[in-house]
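Trainee: Could you show me how to read a few features of a model like this one? I would like the general idea before each case.

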Amino acid sequence: MALASTANSALDFGPASALSCRECGTRYDLGPIFACIECFGPLEVAYDFGPVTREEIAAGPTNIWRYSKLLPVPGNVETRPNLQPGWTKLVKADNLAGELGLRSLYIKDDSGNPTHSFKDRVVAIALEAARNFGFHTLSCSSTGNLAGAVGAAAARAGLDSCVFIPSNLEEAKITMASVYGGRLVAIDGTYDEVNRFCSELIGDELGEKWGFVNVNLRPYYAEGSKTLAYEIAEQLGWRIPDQIVIPVASGSQLTKIDKGFRELIKLGLVEEKPYKIFGAQAEGCSPVSSAYKAGHDVVQPVKPDTIAKSLAIGNPADGPYVLDIARRTGGAVEDVNDREVVDAIRLLARTEGIFAETAGGVTVGVLRKLTESGALDPEAETVVLNTGDGLKTLDAVAAEARPAAVIRPSLAAFRTAFAN
C-alpha cells in the first residue's frame, strides 16, 4: 500500500521504515502520529531488518541497546545520554516452582531497571523518537511507574518533563515521580480520564513540541516492550519459553512481547516452536479477562477498583489484540482479587526473595490460579513477569507487616518470646 507522507523520512530510526496501521495496513512516514487517518486504527513500527546474528548481539552492551538493530533508534544510541535500561535478571525460581507444582519456572525481574520498573524500557525508545522530532518536553499520562520513568529519562537527557497522574496513586510513586525536577500534575479522575486529557493537550498550543510517550509517540514507545522478549530468549540460551504469564494494563506489553518472539523466529535467531501467552489482570479492573471468558471480541470498558493501580486501565487500547494473541497461542486471560494479589506478593517474597509490586502479585497470583485450574501445563518451561518493585506499593502489604515480637535486648527475653 502507498506510503502516506507525514514527516521527514530522512530522520534516523535505524531499521524502522514506516508506521503501519494494525487494522487496514496503510503505511505512513515515520512521524509523531499514532492513529490511522483512514480507519482510526492504531499505528505500529514496521521494519526492514538487515542481517543480525547472536554473536553481534552478545558483543553489545548489557542493556537494551544490544538489540538496537531491531529497534527504531539510531545506530549510535548507546553513546547518547539515556538511562540504559534492560538486561535485568531472569531468575530460576525453583522454590516457587516447587510450591506450585511446576517443573521449570523463571521470573523475569524488571524491578532492577533504573527507576525500578519495566517502563524504563519503553521510555528509552520514546526518548529517542522525541529527540528525532525536536521535542523539548517529555510527557505522559501514567498510573505511576511511567511518570517516574519519564521524569528520570528527561532529566538524564536534559529535557523538560511534565507528567499527569490520577490523584489517588500510591504515595511512593507520587514521591518518585516528583523528585526528578519536572512538573507533576495530579488530576481528580481515573487513568482513562487523565489519558483523554493528554490527547486534548496534544492539539493545543500548550502542548506544542511536547512528546507524550504513550500518545503521539506511542508507536515507538510500545516497541520497548519487545526487549523483554529478546532478553528472555537470549537468557534461556536462545529459545522461546513454552508459556509466559504477562500482566495486562493497556495490553501493549503483551502484544509487543509476542511481536518480539515472532521477530526472533523470522530472523532465525531462535527455533520456531509453539508457545502460549497468558494475560493477567486484577479482578477490580479486568475488562480483557471478562471478554476472554465470555468469548467476546470487544472489550467493554470498566471503572477500576483494585489495589493494583499500575494495571488500573479500564479501557485498554490493546485489549482486543490481547484476546487475539491469547486465543491464537492457546493461552488465556485470567484475573485475581486483591486478597490473592497480596498473598502472591508474599508468596514470591517468601520463596524467591523478590519483593514485587502489586502488578507482580497479579501475575504470580494468576500463575497459581492457572496452574491449579489445569490451564497451564506444569511440565512446560514457564516464565512469569515481575514488572516493578514492591517498595513502590508498600500499602498493599503494610497492614500485615509487624515484628514477630518486641523484646528487651537480652537472651532471656528472646528465649521467653520464642520458647514455643
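Mentor: Gladly. Helices (H or I, at least four residues) and strands (E, at least two) are DSSP runs, numbered from the N terminus. Here Phe 355 sits in the loop between α12 (338-352) and α13 (358-373). This is a predicted model, where local features need pLDDT of at least 70, side-chain atom pairs count only at pLDDT 80 or more, and totals for chains, interfaces and linings use all residues. Residues are numbered from 1 along each chain as its sequence is written, and side-chain values use heavy atoms, with hydrogens and water left out.

Trainee: Is Ile 244 buried or exposed?

Mentor: Buried means under 20% relative accessible area, exposed over 50%, and partly exposed in between (1.4 Å probe, protein chains only). Ile 244, in strand β11 (residues 243-247), has a relative accessible area of 1%, so this residue is buried. Phe 355, at 30%, is partly exposed.

Trainee: Which residues does Ile 244 touch?

Mentor: A contact means heavy atoms within 4.5 Å. Leaving out residues up to four places away in sequence, the partners of Ile 244 include Ile 232, Phe 261, Lys 276 and Leu 385. Ile 244 also lies 8.9 Å from Gly 331, C-alpha to C-alpha, although the two are 87 residues apart in sequence.

Trainee: And how is empty space found?

Mentor: Rolling a probe the size of a water molecule over the atoms shows where empty space is left.

Trainee: Which helix gives the most to the lining of the largest pocket?

Mentor: A pocket is an open set of points on a 1 Å grid over the protein atoms alone, where a 1.4 Å probe fits, with protein on both sides within 12 Å along at least five of seven lines; lining residues have an atom within 4 Å of a point. For the largest pocket, α6 gives the most, with 5 residues.
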